[in-house]
Amino acid sequence: MRLLPPDACNVRRSGRDHKGHSALPRLPPKAEGGYHRRVTRRPVAAVLTLGCKLNLADSEEIVRGLQGAGYEVVDRLCEADAYVVNTCSVTHVADQKSRRLVRSARRLSPGAAVTVTGCFPQSAGFGAALDLGADLVVGTRDADKVQLVEFLAARLPAAREKVVGARRTGHTRTFVKAQEGCNDVCAFCIVPRTRGREVSRPVTAVIAEVNRALESGAKEVVITGTQLGAWGRDLDPPLLPHHLIAGILESTDVARVRFSSLQPQDITPELLGLWCDPRLMPHFHLALQSGSDAILQAMRRRYGASDFRLAAERIRAAVPGVAITTDVIAGFPGERPEDFEETFSLCREVGFSRLHCFPYSPRAGTSAARMPGQFPASVRKERMHSLLALGAELAEAFHVRNLGTVRPVLWESPAVLPEGPGFRGYTDNYVPVVARGADLRNRITPTRLDALYDDGVRGSLPGGDV
């Protein structure tokens, strides 16, 4: 039996465009045989997430709210009573995926409540999401997510008892948002338009969310934000990221902490000094975008290639065995062959453990979309594939350097190995590992890294299989 009849669910509502705020629509009155019918099973909400770690953190918050309201929550596209599509708009491809996912949800369960949040409606307009079949569209701020949960909670049967303190099971890693928005004006980026101005969450709020994640069973938290290095500068008094990390370490018993994306200017002695605590994972995501000073200036990034080199050197000197990952854009307008070669050379010089490569995507409303020297898609893709090949080479070299070492692994999901059941997980320095073991989920074990395997390594537990 469907939770919502089509006539009760398909009343479309919207909020204010592009501002990250939305008014909660007034709910229709209760009607016999309508959305307050008693059901004999727990209703299902599918929370579908595209895009960055910040979106994952937002989805985690929505999931907790829906579970507390009485929904069983899944993170896959399936037949459901309600959908939350948390969209991305960083590229045209992301826009297409967002549209496709909203349409798929509406087509799969015509009577379900389909809600849309995230960056796509902020860039394309709330009306674009409504035209795809959404019943409610909200922005990207915390208040919008509260409204979304209230909208779906109100469509539960009236007799449904709320589940207090519901836990999302099966997650070994949780994303915790510390900061929202960006004040920078990078030429290629739509994010300031979709996420708004910088707003930092207080240390106490982040600590409270980390502790909630630990209570639900998570062993690792990833602290994330739109511009995480900007955390604290809008607070009174102003603070810096190392104050946030120190607070988390002091006030929680978290086993593993990852601090998401930073820029070279964020790498300070005070920040690196905290990495003497083994709970901070030896893994930095340091955004590059280009290794050419000319292109970095055109992108309006706040660092040059030499600044990036120096930051990477400081990280390696302070954190033994560290993994440094990065983002790179290929085919930015005006990128000459020599500019691309400088990017290629800098990536090889730094020795990243993983490259996230993207072809430049023109975004309406950004200054780069109006720049001369736009390349056809074939050129952008060719350069991206060259970077992807380099990334695969660098990742394998990093994995080889780790062979023979024993590193802690957080085991996350089952794996099928040629000789029997096993598990997949990640080392502290983010090497993907598989090993034999019957029941390793959400355990952290010392693991010997023995040999290359697929896109990671094959490991073994020094004490034998579990």
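Colleague: Where is Pro 376 found?
Modeller: Pro 376 sits in the loop between strand E13 (354-359) and helix H14 (377-402); helices (H or I, at least four residues) and strands (E, at least two) are DSSP runs, numbered from the N terminus. This is a predicted model, where local features need pLDDT of at least 70, side-chain atom pairs count only at pLDDT 80 or more, and totals for chains, interfaces and linings use all residues. Residues are numbered from 1 along each chain as its sequence is written, and side-chain values use heavy atoms, leaving out hydrogens and water.

Colleague: Why is Pro 376 called partly exposed?
Modeller: Because its relative accessible area is 45%, and partly exposed lies between buried (under 20%) and exposed (over 50%), with a 1.4 Å probe and protein chains only.

Colleague: Switching to rings. How many aromatic pairs are there?
Modeller: The count is 7 aromatic pairs, where rings of Phe, Tyr and Trp (its six-membered ring) pair if their centres lie within 6.5 Å, with planes under 30 degrees apart stacked, over 60 edge-to-face and the rest tilted. One of them is Tyr 303 with Phe 308, tilted, at 6.4 Å centre to centre and 50 degrees between the planes.

Colleague: Are Tyr 303 and Phe 308 buried or exposed?
Modeller: Tyr 303 is buried, at 6% relative accessible area, and Phe 308 is buried at 0%.

Colleague: What about Tyr 426 and Tyr 430?
Modeller: Tyr 426 and Tyr 430 are stacked, with 4.5 Å centre to centre and 15 degrees between the planes. Tyr 426 is partly exposed, at 21%.

Colleague: Which residues do ring pairs link into a cluster?
Modeller: Phe 188, Phe 332 and Tyr 360.
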